[in-house]
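Take a look at the model below.

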Amino acid sequence: MRDRSRFRRARRLGAGAVVVAALASMNGPWLYRFGSERYHRYEINRPEYKAANGHWEIVEFPKEYRQDTIHAVLLHTGKVLLVAGSGNNQANFDAKRFDSRIWDPVRGTIRKVPTPSDLFCTGHTQLADGRILIAGGTKRYEKLKGDVTKAGGLMIVHNENPDKPVTLPAGTSFTGRANGRTFVSKDPVLVPRAKKNFDSRTGRFLGNTPGLGRIYVEARRSGAKYETGTQDNYRIRGLTGADARNTYGIAQKLALDKKDFQGIRDAYEFDPVAEKYIKVDPMNEARWYPTLTTLGDGKVLGVSGLDDIGQLVPGKNEVFDPATRKWTYTPKVRQFPTYPALFLLPDGKLFYSGSNAGYGPDDVGRDPGVWDVDSNRFTRLPGLGDPDRMETSGTVMLPPAQDQRFLVIGGGGVGESALSSRRTRLIDLKAAKPRFTNGPSLEKGTRYPQSSILPDDSVLVSGGSEDYRGRGGSDILQARLYDPAAGTFRRVADPLVGRDYHAGSILLPDGRVMFFGSDPLYGDKANTRPGRFEQRIEIYTPPYLYRGARPSLSGGPGTLTRGGSGTFVSRHASAIRKVRLIRPSASTHVTDVDQRSIALGFRASGDRLTVTVPENRNLVQPGWYMLFVDDDQGTPSKAKWVKVP
């Protein structure tokens, strides 16, 4: 029986060889491609290749657990929170289908998490106790010109009464004094009282400055005949007497033009242990595409975004206090484009690299610089290469964070521009006169580069696309490791999946990197078929995990204090050359201002390794961190989670 089985197998192989030979005679290029693909698979799976270049593998969830992941956050439980909200899908938004998933990369489990609001294009950051602050999201999807049926736009409500504010409910009618057209508000609005002005020298009353409120209005009925062409003053129905004289609306053109996305004020804390969202006080401003940056005292600064009428938030920034779970405005106003890359510096100021993602005028808030939030002083930084191509660029605080050096990667023109940049830019903020210099060039102009800091101090840069949202099949299937010490890139194994808009990457506690998302505009090079959202996860295993045994790390305290020390156990203590404290990522839209790698002092004695944490709380923000140790071969341990209060 066994012999006959071998005979039948040989006959099948022989028949297959005949088919291949026949195809080869008719179609040589097909056989070449077939052979090349097989050889490529063989080559990238050789141990020697992996040890030099690393390896990629795809994780595909069961169909019922797939989603269009827009945001990802590494939790201190080792699991990953994957947030879609409505997932850039109008049908999901209309049906109020809002999704989140919890994925355990060790056990391979995934589960659905009830999601209370449309957290699509929200902001997020790590809090000191390990919870995740999530704020903002989508109130309305954009409507392109041609899809808008009711004329509408921004109404500025004026209140000239210095004695009381005015509250107007949703559904308030505004009628133009000149054009006679009536528009209706979509939401309530609080208009503050007017401000009395006096001459500081004489005390003479100079008049009132009206209080202002902003509200979106639209016509009662559909049709172009309800559009307005010019600015007009609007009476507010329901107001009489002095209220009617003191309170009025002013609007520019109200038309059937494109309507941008609108944001929400909703804010939540995600509990990584209970694995559920907990509602906290809403923000003062609605925000869509905001950046949240954790400050040295554990409070969180919320910046930018589109508001509840689809306008760029006019520089009204605010701070969340985890102790009270409330938001307060900063004393000064400063405006940025959406998703600005804002990094906390050791002196408590913020570095803005110029990187951003998506919305805002091309001449507002785009200059890079250092921002003192308290005084609102902004010091511009010179030398930026391709300054007109910073939208959809990525920015990384190079390790170790003490060096205050940043790498800015790629980018493109404002909006749907086809322009992209091959440049990387470097800046050293500890220099006497900091200025940008050009780093090593990329092979192609790159929008949406994904980047992750690794425990050996290298930075993995992967993916992106040459054109806006991958137009023309322009996804870039390349990856590189950047060496901050040498200032050079090294090409490594190519990813298997293209990643552009709505994609990101997260360093995992085992030293691998996960990639999520991608939302191409089209599905072919000719731009004729709609694109499909990429739902597969991809994992990159860096070369350092193919070098043999990795150093061990165990025991020790669960909490490390600034300026204090903790002793851990490692059988390889004498071979340790680096100790790094890496803040877990919160990634979306080429923006991840949470990730940073801090060098710790250390000393070895036998199998004991004592590490010391820097004292500066602006350098080491309160929260959970991954503690990695690297040996003399550059191989990192698995991370041990520690908390810095």
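Predicted model: local features only at pLDDT ≥ 70, side-chain atom pairs only at ≥ 80, totals over all residues.

Residues are numbered from 1 along each chain as its sequence is written, and side-chain values use heavy atoms, with hydrogens and water left out.

Start with the secondary structure. The protein has five helices and 48 strands. Here helices (H or I, at least four residues) and strands (E, at least two) are DSSP runs, numbered from the N terminus. The radius of gyration is 28 Å, close to the 26 Å that the globule rule gives for 645 residues, so the protein is as compact as a globular protein of that length. That radius is taken over C-alpha atoms, and the rule is 2.2 Å times the number of residues to the power 0.38.

Now look inside. Buried residues make up 54% of the 645 residues. Buried means under 20% relative accessible area (1.4 Å probe, protein chains only).

Next, zoom in on strand β31, residues 405-409. Is this strand enclosed or open? Four of its five residues are buried, so β31 is largely enclosed by the rest of the structure.

Which strands pair with β31? One is β30 (residues 394-397), antiparallel over four bridges. There, Gly-394 stands opposite Ile-409 of β31. Another is β32 (residues 424-428), also antiparallel, over five bridges. Here Phe-406 stands opposite Ile-427 in β32. Two strands pair if DSSP finds at least two bridges between them.

Key
Buried < 20%, exposed > 50% of the residue type's maximum accessible area, 1.4 Å probe, protein only.
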